[in-house]
Amino acid sequence: MAARGWDELDVLFICGDAYIDHPAFGTSLLARLLESAGYRVGILSQPDWKNPEAFRCMGRPRLFAAISAGAMDSMVNHYTAAKKIRRDDAYTPGGTAGKRPNRAVIAYTAAVKGAFKGLPTVIGGIEASLRRLAHYDYWDDKVRRSILVDSKADLLLYGMAETALLTLAERLKNGEKISDIHDLRGTARLQKEPSDTAIQLPAFEAVSSDCDAYNRAFKRLSEQQNPFSGKPLQQVHGNRTVLVNPPALPLREAELDRLYALPFTRLPHPGYREQIPAFAQIRNSITSHRGCFGGCAFCAITHHQGKTIQSRSEHSILQEIDRLTRQKGFRGTLTDIGGPTANMYGLGCTNPAAEKDCRRGSCLFPQPCKNLQTDDRRAVRLLGKIRRLERVRHVFVASGVRYDLLQFQQRYFDELLQHHVGGRLKVAPESTSDRVTTVMRKPGVAVFTDFLHRFRQRSRQLGLRQEIVPYLISGHPGCELSDMVEVALYLKRHKLQVEQVQDFTPTPGSLATCIYYTGKDPFNGSSVHVPRSPHEKRLQKALLLYHKPESRQDVLEALKLCQREELGEELTAHQIRSADHSISQAGIKRSGVKPSRKKTKRRLATKTPRH
Ligand code: SF4
């Protein structure tokens with residue numbers, strides 16, 4: 001501040017993550033955006049929430065404090081699916097755990113209010129966004145009130161907040177009071193008087209005691225998520241009302257390009273002495289687009305980034321790569337070109353009228369929509385141009401791909417296999433039981449099997465030794481032990497091995513969490529089995545890892561419970577090697593660069609496919 005000649009800030013950002021000046025991190029992106037509009041912005045990263053002085057180190061900001069828990073919900077960041085405390089935190093220097101509080105948005109907002117009486121407080125990011133209405137909280141095992149009630153923040157910005165934040169700053173700068181701002185898209189607020197026009201959701205008191213009311217609220221909220229036609233919503237909490245305005249409109253290509261052209265250093269704050277694991281993961285990766293139209297039940301990306309794909313121009317992406325490749329330490333490898341789902345770059349709805357009124361949660365489920373444009377030429381052209389750049393030696397696509405979409409993208413499929421897999425392609429069927437994939441809103445097993453065959457066949461034709469790494473979830477609503485027996489058999493018979501099992505965690509805001517809480521699908525009312533006991537969850541996980549010797553007893557127990565003992569021999573026989581490995585022969589080359597064993601292990605430990 002002294003170097004810039006600032007005696008005060010306009011906006012103070014408070015964030016639960018380490019400060020990395022890179023467009024992959026929301027706080028940095030928004031801070032650079034406000035800075036480019038002439039605001040004086042400071043970022044306070046991982047402050048000591050018990051000490052008000054820590055919040056005063058840059059003085060009282062003139063307009064407001066913008067508070068975020070960080071890139072993850074703080075409870076997900078702190079606890080495993082089994083509610084055990086995590087020992088590390090990828091968003092903190094040295095991976096050290098414990099640098100942010102539980103329920104960070106609430107704790108930071110209280111600290112700001114203590115440090116600066118009367119300063120407007122604005123909350124945002126994943127934690128605030130997905131807890132904007134009454135929601136089931138897995139860690140408390142109950143329905144919690146809107147985070148607006150618990151934090152007492154003045155305004156909540158949900159989803160991707162660029163437009164709302166810029167407009168808010170402008171209006172406050174022009175002298176409007178934050179208490180008078182009721183109409184801003186992409187925001188929610190707590191007010192005394194209910195709105196005359198907003199759609200009424202069942203009240204907090206109803207959804208916290210009645211599962212059917214909770215399901216009705218979830219369904220109504222989902223129906224109003226279309227930014228082009230969504231209506232304001234409101235939910236009574238005691239004698240006050242949470243008003244949620246319609247989502248912000250998606251950014252146009254030029255707007256998105258402008259964001260990525262902001263002068264990021266692409267580095268962590270120079271004061272840090274230790275490596276930040278999340279930075280190591282993204283430092284050489286490029287975000288080509290945002291949004292996802294997959295609509296998987298367990299994922300909240302569609303709720304946060306929206307269903308409309310917002311793609312950057314080729315020019316903007318190539319410029320960013322040019323800057324990156326000139327940066328000290330770049331060794332020629334781009335680790336990822338992608339977004340929430342890599343193969344959605346450049347895609348979208350072809351029918352603006354239908355898109356405006358669309359209420360589907362997914363453009364791909366239960367069947368790909370006839371209005372969906374799946375033309376892969378733009379993505380293929382982009383990857384080709386990146387490969388030809390002078391200082392780029394290898395380009396990988398590490399973001400997840402939707403294989404049901406890939407069946408319409410032959411050119412992208414070929415490019416991917418030939419140049420960008422790096423030996424292993426992570427895909428996420430999540431289950432191979434059709435009953436379960438229906439609850440998950442994922443494509444069924446036939447589509448996955450077809451993809452697997454095509455992948456193996458084409459890899460052989462290309463003379464490439466590469467394999468599929470399948471990601472599956474255990475304990476997902478709808479998954480019974482008998483389903484998992486079928487999944488284990490499928491894996492065995494298709495010579496696939498799961499290396500990492502994700503135990504289902506009911507994170508705030510997702511459809512799967514709603515089903516977990518209510519035991520019913522909110523869209524069709526059908527009852528859904530929910531694995532809740534640690535015993536059932538353990539057996540499900542063991543079935544996915546049937547090939548590991550330590551799973552043997554649990555696998556045999558699960559087979560007995562399902563009266564499928566005859567499969568014991570087949571499932572617990574000697575450990576197999578993946579068929580994909582078996583095509584290794586003299587003269588067959590690896591695609592891209594083969595990661596060393598050590599590196600592969602590390603990548604698997606830190607990389608989670610976004611789909
Ligand atoms: S009309 Fe079809 S393609 Fe368009 S947004 Fe709706 S589901 Fe997606």
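Helix α15 (residues 377–387) has Ala379, Val380, Leu382, Leu383, Gly384 and Ile386 buried (under 20% relative accessible area, 1.4 Å probe, protein chains only). Helices (H or I, at least four residues) and strands (E, at least two) are DSSP runs, numbered from the N terminus. The cover over the buried residues of α15 includes the elements below.

| Element | Residues |
|---|---|
| α13 | 314–325 |
| β17 | 333–334 |
| β18 | 336–338 |
| β21 | 394–395 |
| α17 | 410–420 |

In the contact between α13 and α15 (heavy atoms within 4.5 Å), Glu314, Ile317, Leu318 and Ile321 of α13 meet Arg378, Arg381, Leu382, Lys385 and Ile386 of α15. By class, this contact has five nonpolar, no polar and four charged residues. Ala, Val, Leu, Ile, Met, Phe, Trp, Tyr, Cys and Pro count as nonpolar, Asp, Glu, Lys and Arg as charged, and the others, Gly among them, as polar.

## Ligand shell

Around the ligand (a heavy atom within 4 Å) are Lys307, Cys349, Ala354, Cys358, Arg360, Cys363, Cys369, Asn371 and Leu372. Six residues of this shell are nonpolar, one is polar and two are charged.

## Ser433

Ser433 sits in the loop between β22 (424–430) and α18 (434–440) and is buried, with a relative accessible area of 8%. Leaving aside neighbours within four places in sequence, Ser433 is in contact with Asp483 and Val487. Ser433 and Ser482 are 49 residues apart in sequence and 9.6 Å apart in space, C-alpha to C-alpha.

## Basis

Residues are numbered from 1 along each chain as its sequence is written, and side-chain values use heavy atoms, without hydrogens and water. In this predicted model, local features need pLDDT of at least 70 and side-chain atom pairs count only at pLDDT 80 or more, while totals for chains, interfaces and linings use all residues.

Methods:
Buried < 20%, exposed > 50% of the residue type's maximum accessible area, 1.4 Å probe, protein only.
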